Amino acid sequence: MDLKLKVWRQKNAKEKGKIVNYDAKGISPDMSFLEMLDVVNEDLIVKGDDPIAFEHDCREGICGSCNIMINGEAHGPLPGVTTCQLHMRSFKDGDTIYLEPWRAKAFPVVKDLVVDRSGFDRIIQAGGFVSVNTGGAPDANALPIPKKDADVAMDAATCIGCGACVASCKNASAMLFVSAKISHLALLPQGQVEKKERVKNMVNAMDKEGFGNCTNQYECEAACPKEIKRDFIRVLNKEYILS
Amino acid sequence: MSLDSKIPSGPLEKKWDDYKSHIKLVNPANKRKYTVIVIGTGLAGGSASATLAELGYNVKTFCFQDSPRRAHSIAAQGGINAAKNYQNDGDSVYRLFYDTIKGGDFRAREANVYRLAQVSANIIDQCVAQGVPFAREYGGHLDNRSFGGAQVSRTFYAKGQTGQQLLLGAYSALSRQIGLGNVKMYPRTEMLDLVVIDGHAKGVVIRDLVTGQVSVHSADAVVLASGGYGNVFYLSTNAKGSNVTATFRAYKKGAFFANPCYTQIHPTCIPVSGDHQSKLTLMSESLRNDGRIWVPKKQGDTRNPADIPESERDYYLERKYPSYGNLCPRDIASRSAKEVCDAGFGVGPGGQGVYLDFSSAIKRLGEHTIAERYGNLFQMYEQITGENPYKVPMRIYPAVHYTMGGLWVDYNLMSNLPGLFVIGEANFSDHGANRLGASALMQGLADGYFVLPYTIGNYLAEVGFGKTPSTDHAEFKKAETDANSQINKLLSIKGKRTVDSFHKELGKIMWNNCGMARDDKSLKEALVKIPQIREEFWQNVNVPGSGLELNQSLEKAGRVADFLEFGELLCLDALTREESCGGHFRTEHQMDDGEAKRDDEKFCHATAWEWKGVGAKPTEHREKLEFENIKLATRSYK
């Protein structure tokens, strides 16, 4: 199939960006979205143009590297799917596709479709952990955890930190991301000791990074490729009030 | 030069404890006077960085991803082994040790593997304490499953995302230390060279991938945790960024590369759908429990599989291995698939695929049961191929998955270059010629949390503090100049071919000539062709853009340049090892039934190669493997 791409090109964080048109010809429906971009880039390089920079690594939907707004939707049209697992059979011959980077003040553009998500790392560094040193941990079965709690904690911990929640929120809020980590640790006995400090520190870090507030419209949940539930935001709010 | 593995004396069960009781220690107040550089933030590098920082060392950690949380360990699915015996099914440290040695086809070092089995139980304790949400029983205790033919249930798991959860555990420990200022983290950077001063590893050359700035960093020791080299085959289950550069450039600075020909090939991957394909996706091997593998009896039969009657199907595994059938060992299943496809019976685009058919299982058990067992895998398959595996058989083909070779290390996980430590998939030590399922995660975390933090202290105490070299040292200047000139050279060629086109060409040769099966002829042919591709690369590659910006083509070019040299080393190693074992199968050396035929008399050793220049034959060193506790036996799973 043949497609028309309208791609955000921006040389670096300082220069202004703009939409540039490209033709993607002879695209197979079996290609992943990123493989389609590989093909376009190979053509650009042969023609002497600068290839489109985009982020990717595992291409199995788990590392959280890939991040493209596709026709205004984070990771494209399919629910529960990352950009790398989106295949071209989701599009039609002759389609025009818009490709843009995540849009959020806290995620500055690095180049083209690549943004800087290190704000997420700094939020985790502020408290998204259990303070345990290596060695000397008690036997793992000395701390029984109800299966239900462990399962819900696992659902929260599934977050891949891609930033789709921020990109799809009109306030660029990081509440879903932060709430997933807060809920994961708040649901487990290991996370209890530091839970008040943790939520305060992480929320403060979130604000400091310039992420906006939640206004309960749940675009984040709709966009999340791992289908993290908005219920965790309720847990975050509760934990924050209790702290 | 003789390879001293520094295995402590004494009985196997006591070696590690005795070692720990007698090594030199660094006074806590002196630890902050040492700087350690860690390359990579996967299970090995992330856990090592966190632990070294907890101990009090200054740690500088580098990763090429935008965040340390994205290292490729995150993609591991199945689980992590540990000899906890929670199921009371007779598991023990010895059994885990024995299974690992046997699984590796008796080509791993006994003492290292025993230690791995010993510390495995601590890993689970550590991860649970961090809040890793392992699967639980209703009573609240940890759940286990069995894996990869083991006769006990020793595999701990977190849904199908065990690697992700373990990595996030290590990442959270690392993040805590970054927040405390004990680790200086450098994401989006790449190691370009190792700096060796007076025979000791003392620093690295780093390129900032955003600004392009090349800088040098000095330390008292360097730890490589940069993963495996499966992407030398271009198509593999590895993440796209996985590369050999850090270990290969250390090799060029004098570290020995051991057993590079040991690559693990997994039988159940989704096959290539066309020339555009950039990587392969692994499907769980558990599918072979209910799926039947077949190809049409007629070559080039393109009929819809449902239209091919039973009498015209060849269930080749059931035919060739009647007792094991579809559950025969990984290497045999992989090679058999290649054989039928090479003979023209393969199905799907390009004929590189075989059917994995669930129709008889669905008829026997009902669609509901199959959906309960494998639903998520069926969904993933449909997402990638656009075909519904409940209606049409899956197509599968083997793919490169894990590499057991790596830089040679001694019992301390130190390479032959003092001060250079190598951990996780980047070293060669624990898996022999084959890796069992759920054991790579175990090794990464064992090395990072529980082994390296002891052994590196012993080294640092010996060299003493206050000896961190200045980055003004001539060796740093030279390494930095060399790195810059390679970058400038790559950018100045301005040829006609893209980096990827060279990588694909190399990958095809590696796969065809040194893949699931190798022989004298195919390897010699590869050793002629690879230098030719390399020569053309340096004449005709086109790397657009400049060196002072985010330039993904330039990053790839440097890595492919290394693969073009490393591929030759891998083939040479495969040619030299005239036997079959685990992931290394020489067709000249097989039993009548197709099993690998080992030659313990001539090849019961690790081969460690010493760099002698581009195109020059490296020098071969051998570490004889001593088996004091296990009797060498023919590996058989019948």
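**Briefing: cores, a pocket and chain A**

B:Phe566 touches B:Tyr229, B:Val232, B:Val244, B:Phe248, B:Phe257 and B:Pro260, leaving aside residues up to four places away in sequence. The model in which these contacts occur is predicted. B:Phe566 is also among the residues that touch the most other members of the largest nonpolar core, which has 238 residues.

**Nonpolar cores**
- Alongside B:Phe566, the members of the largest nonpolar core with the most contacts to other members are B:Ile80, B:Phe134, B:Leu194, B:Leu224 and B:Leu420.
- A second core of 26 residues is separate, and A:Leu5, A:Val7, A:Leu37 and A:Met88 are included in it.

**Second largest pocket**
- The second largest pocket holds about 630 Å³ of space.
- Its lining consists of 28 residues, and those closest to the centre are A:Val110, A:Asp116, A:Ser118, B:Arg188 and B:Val210.
- At least two lining residues each come from β6 (109-111) and α2 (118-125) of chain A, and from α6 (162-179) and β5 (183-186) of chain B.
- With four residues, α2(A) provides the largest share of this lining.
- Twelve nonpolar, five polar and eleven charged residues make up the lining.

**Chain A**
- Chain A contains eight helices and seven strands.
- Along the principal axes, the C-alpha atoms of chain A fill a box of roughly 60 × 35 × 35 Å.
- Of the 243 residues in chain A, 56% are buried.
- Among contacts in chain A with a separation of 6 or more, 70% join residues 24 or more positions apart.

Methods
Residues are numbered from 1 along each chain as its sequence is written. Chains are lettered from A and ligands numbered from 1 in the order in which they are written. This is a predicted model: local features need pLDDT of at least 70, side-chain atom pairs count only at pLDDT 80 or more; totals for chains, interfaces and linings use all residues. Side-chain values use heavy atoms; hydrogens and water are left out. On a 1 Å grid over the protein atoms alone, a cavity is a set of points where a 1.4 Å probe fits but cannot get out, and a pocket is an open set with protein on both sides within 12 Å along at least five of seven lines; lining residues have an atom within 4 Å of a point. Grid points are joined across faces, edges and corners, and a volume is the space filled by probe spheres set on the points. Ala, Val, Leu, Ile, Met, Phe, Trp, Tyr, Cys and Pro count as nonpolar, Asp, Glu, Lys and Arg as charged, and the others, Gly among them, as polar. A nonpolar core is a set of buried Ala, Val, Leu, Ile, Met, Phe, Trp, Tyr and Cys residues joined through side-chain atoms within 4.5 Å. Buried means under 20% relative accessible area, exposed over 50%, partly exposed in between (1.4 Å probe, protein chains only). Contact means heavy atoms within 4.5 Å.
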